[in-house]
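Visitor: I am about to look at a structure for the first time, and I would like to go through it slowly with someone who can answer my questions. Could we begin once it is on the screen?

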Amino acid sequence: MRQPRRAIVITLVLGLALGAGLLVGTVTAQSGKPLALGPLPPVPVPRDNPMSSEKVELGRMLFFDPRLSGDASTSCASCHDPQKGWGDGGDVSRGYPGTQHWRNSQTVLNAAHYTKLFWAGEVTSLEGQAVAAATGNVAGNGDPMMMEERLRQIPEYVRRFKAVFGTERPLIGDAWKAIATFERTVVSKAENVPFDRHVKGDARALSDDARRGLALFSAKAGCIQCHSGPLLSDESYHSLGVPKSPVFEEDPLRQITLRYQHVSRGVPEPVYRTADRDLGLYYTTKRDEDRGKFRTPTLRELKYTAPYMHNGVFFTLEEVIDFYDQGGGNEPGKSPLLKPLKLTVQEKKDLLVFLLSLSSDQPITVPAPRLPDYAVLK
Amino acid sequence: MNRLLALGGVLAAAVLVLAAGAALAEPLAPLPALKAPNPDQAELGRWLFFETKLSGDAAISCATCHDPRKGWGDGKPLSTGYPGSEYFRNSQTLLNAAHYRRNYWDGRMSGRDMATLVRDHFTEAHFMQADGRLQAERLKQVPEYDERFRKAMGGEPSFGRILNALVAFVGTVTSRNAPIDRYLRGEAGALTPAAQEGMRLFQGKAGCIQCHDGALLSDQKFHVLGLPENPQVFQGPLRHISFRRFMKTLGAPNYDNLREDIGLAAVTKEPQDRGKFRTPSLREVSRTAPYMHNGSLATLGDVVDFYNRGGGAHPNKSSLLRPLGLSDGETKALVAFLEHLAGDPVVVEAPTPPDYKLRTLGKN
């Protein structure tokens with residue numbers, strides 16, 4: 001009951017702020033979910049992993065600790081660097097030593113609001129994302145029991161895990177819980193986001209350009225068809241026909257990873273033999289109609305999270321806007337929601353200004369902690 | 001009644017034989033030849049043996065811990081293992097490894113399935129932490145390997161074919177032309193007089209042959225020697241981590257509090273197996289220092305001294321061990337014999353690993 005009511009309230013607020021009727025006619029997404037934009041609600045917290053400041057602090061330490069990887073070289077922060085918008089700044093992520101990853105490293109910013117994580121929604125919680133990334137062969141390549149015993153060898157972690165989880169020794173599953181708890185604090189605050197201030201009634205929060213951009217976003221440009229709700233994501237899967245990333249033509253390590261993903265996700269052999277691109281949701285469902293579909297990402301904080309798309313093929317927002325203006329790419333199975341938009345030069349500029357208003361005034365960062373040492377155990 | 005008497009007689013005879021020391025042992029014998037591996041497969045295995053692309057982070061190869069220049073071990077008391085970790089046992093030589101019925105110091109792997117032994121090295125977190133599917137895709141990115149696999153293994157690189165090629169290669173890493181074998185075949189001059197004296201002691205007063213018998217100079221059984229723990233295992237945090245994780249993966253009770261390497265008991269969970277390790281072959285032993293499962297004895301002289309003292313102290317210590325009363329001269333003769341157990345050096349050149357090449361996208 002709460003969500004619809006919130007949506008109605010926000011819609012009303014928006015309507016007052018923008019002038020009546022602006023959102024009318026834009027509510028065309030298939031899901032029927034609330035589409036109204038507005039500040040993020042409080043972060044959802046799973047009942048089996050409640051928040052506490054001690055757990056957040058432990059999670060911050062673990063997030064930066066490279067011992068939670070196979071060869072103790074790669075921490076969460078290696079690919080989700082707070083100084084790089086909580087991604088790694090590359091088009092396609094760097095991955096574990098000896099490998100190169102195959103997708104863009106997504107930002108952690110506001111990931112706490114997703115119900116589907118990774119580019120094709122492969123997991124449904126931050127806890128699940130953490131273990132998948134730390135153990136994935138081209139990401140962290142860690143062995144859970146080895147990582148658990150490493151934590152056991154660090155007295156400060158033993159103390160902190162006991163204080164937070166009540167266990168006599170650290171359990172690796174609790175490490176993922178702590179990291180997820182930390183990540184639930186890595187979220188936008190409405191008072192720092194121009195668009196959120198605008199929705200809350202700050203008449204000076206958005207420039208005229210941004211207001212025009214918001215109108216385009218919600219109507220002519222149709223962005224809101226998928227980038228809807230407080231998260232600016234419908235969390236649904238769409239095929240855009242994003243251009244292929246050149247890295248798969250240029251880098252042998254990327255070719256290895258592309259094939260490896262096809263093998264490890266269990267696609268039929270003919271699909272493996274012809275694999276030349278990331279098939280997105282298809283790996284999960286093995287349904288041809290899901291080829292090339294990826295989960296809509298949030299647009300919040302995108303000022304800090306270039307490059308864009310699942311393969312990082314666009315380095316600027318201008319390129320992204322041009323892509324949609326052309327009606328997206330031209331792959332079979334492309335979403336029918338994408339059509340040429342015929343935006344003018346000025347409209348594209350306005351849209352860009354609006355998109356930037358979805359980011360905090362200053363980047364959200366966290367200092368790297370001092371990491372505790374191994375010790376000899378009696 | 002008659003049967004009981006007969007049984008008693010057999011038991012009495014057995015006691016006499018035990019007292020005689022070596023009588024139950026298999027006689028020393030030349031090392032039999034193994035079935036020769038397919039040469040193309042063995043040659044491919046040689047390339048893979050030195051190939052760092054087969055470890056998780058592409059940093060180490062089989063040869064990192066089984067270096068042909070270091071007696072096919074790593075020359076260290078305790079092996080290092082995967083980056084970010086340190087291992088808690090000595091890296092054993094691969095020389096003649098294909099002859100064992102059981103492998104690893106605690107014998108947890110069957111010698112009849114060498115492919116699984118190789119697989120265990122690849123996938124274990126403390127050794128190479130590699131995924132076989134990723135290994136195969138890496139090798140497919142190297143045209144030379146693709147060609148060699150098709151020729152030698154009958155198809156493109158796969159995890160199973162990688163394992164089988166390495167099994168073929170390991171089958172070639174065996175002793176050749178050892179003085180002991182020439183001597184046993186009748187070439188009296190193959191052993192020096194001191195070594196011949198050492199051989200007599202080995203089979204008699206020193207009693208080595210009670211466990212180091214047969215062609216392999218190993219009974220392939222498990223014994224407690226009471227060797228002191230290597231303090232580095234528990235004083236080195238990274239080694240202690242690997243130790244604890246390993247014991248946990250085997251399901252060893254109380255693994256968190258163990259401060260001793262329980263050996264076979266971690267496999268069998270039988271208290272009487274605590275501290276037992278599989279007798280290693282003595283072939284090539286002069287090339288494979290340091291010695292014992294924890295590398296705590298640096299030289300063959302140290303090893304002989306250890307046995308001369310009757311071994312160490314342990315509640316489960318083998319009753320076969322007792323002070324030997326060897327003189328200095330006898331000790332030297334024994335070492336001389338041990339030095340004649342090495343054949344011609346098994347030299348294998350490390351190939352220059354071929355590079356990854358771009359492939360045509362979509363033609364896999």
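**A walk through the two chains**

Guide: In chain A, 70% of the contacts between residues at least 6 apart in sequence join residues at least 24 apart. Please keep in mind throughout that this is a predicted model.

Visitor: What is the mean pLDDT of chain A, and over which residues is the pLDDT below 50?

Guide: The predictor's confidence in chain A has a mean pLDDT of 92, and 91% of the residues of this chain reach 70 or more. One stretch falls below 50, although it has 37 contacts in the model beyond near neighbours in sequence. That stretch of chain A is residues 1-29.

Visitor: What radius of gyration does chain A have, and how does it stand against that of a compact globule?

Guide: The C-alpha trace of chain A spans about 70 × 50 × 35 Å along its principal axes, and 50% of its 378 residues count as buried. Because a compact globule with 378 residues would have a radius of gyration near 21 Å, the value for chain A agrees with that expectation. The radius of gyration of chain A is 21 Å.

Visitor: How many helices and how many strands are there in chain A, and which domains does the assignment give?

Guide: Chain A has 15 helices and two strands. Its domain assignment gives domain 1 (2-35 + 205-241 + 292-356), domain 2 (53-183) and domain 3 (247-290).

Visitor: How many residues of domain 1 of chain A are in contact with domain 3 of chain A, and how do they divide by class?

Guide: On the domain 3 side of this contact in chain A there are six residues, and they meet seven residues of domain 1. The side of domain 1 of chain A that touches domain 3 divides into two nonpolar, four polar and one charged.

Visitor: Is A:M309 buried or exposed?

Guide: A:M309 lies in the loop between β2 and α14 of chain A, and its phi is near 80°, a positive value in a residue other than glycine. The cut-off for a buried residue is 20 or more other C-beta atoms within 10 Å. Because A:M309 has 20 such atoms within 10 Å, the answer is buried.

Visitor: Which peptide bond is cis, with omega near -5°?

Guide: The loop to look at is the one between β2 (293-295) and α14 (317-325) of chain A, where A:P307 is found. With omega near -5°, the cis peptide bond is the one from A:A306 to A:P307.

Visitor: Where in chain B does B:P290 lie, and which residue does a cis peptide bond join to it?

Guide: B:P290 lies in the loop between β4 (277-278) and α13 (300-308) of chain B. The cis bond there has an omega of about -10°, and the residue that it joins to B:P290 is B:A289.

Visitor: Why do the buried residues of helix α4 of chain B lie on the same side of it?

Guide: The buried residues of α4 (residues 114-123) of chain B are B:M114, B:L117, B:V118, B:H121 and B:F122. They are on the same side of α4(B) because they cover an arc of only 140° around the axis. An α-helix has 3.6 residues a turn, so residues three or four places apart point the same way. What covers these buried residues includes β1 (102-103), β2 (109-110), α5 (132-140) and α7 (159-170) of chain B.

Visitor: Is B:W72 buried or exposed?

Guide: B:W72 is found in the loop between α3 (62-65) and β1 of chain B, and it has a positive phi of about 65° although it is not a glycine. Since 25 C-beta neighbours lie inside 10 Å of B:W72, this residue counts as buried.

Visitor: Is B:G186 buried or exposed?

Guide: B:G186 is found in the loop between α8 (179-184) and α9 (193-203) of chain B. Because B:G186 has 7 C-beta neighbours inside 10 Å, this residue counts as exposed.

Visitor: Which helix gives the most to the side of chain B that touches chain A?

Guide: The contact between the chains takes 32 residues from chain B and 36 residues from chain A. On the side of chain B that touches chain A, α5 and α11 (237-250) each supply at least two residues. With seven residues, the helix that gives the most to this side is α11(B).

Conventions
Residues are numbered from 1 along each chain as its sequence is written. Chains are lettered from A and ligands numbered from 1 in the order in which they are written. This is a predicted model: local features need pLDDT of at least 70, side-chain atom pairs count only at pLDDT 80 or more; totals for chains, interfaces and linings use all residues. A residue is buried if 20 or more other C-beta atoms lie within 10 Å of its own, exposed if 12 or fewer, and partly exposed in between; C-beta atoms are placed from the backbone. Helices (H or I, at least four residues) and strands (E, at least two) are DSSP runs, numbered from the N terminus. The arc is that of the directions from the helix axis to the C-beta atoms. Two residues are in contact if their C-beta atoms, placed from the backbone, lie within 7 Å. The radius of gyration is taken over C-alpha atoms; the globule rule is 2.2 Å times the number of residues to the power 0.38. pLDDT is the predictor's confidence in each residue, from 0 to 100. Domain bounds come from an automatic or database domain assignment. Ala, Val, Leu, Ile, Met, Phe, Trp, Tyr, Cys and Pro count as nonpolar, Asp, Glu, Lys and Arg as charged, and the others, Gly among them, as polar.
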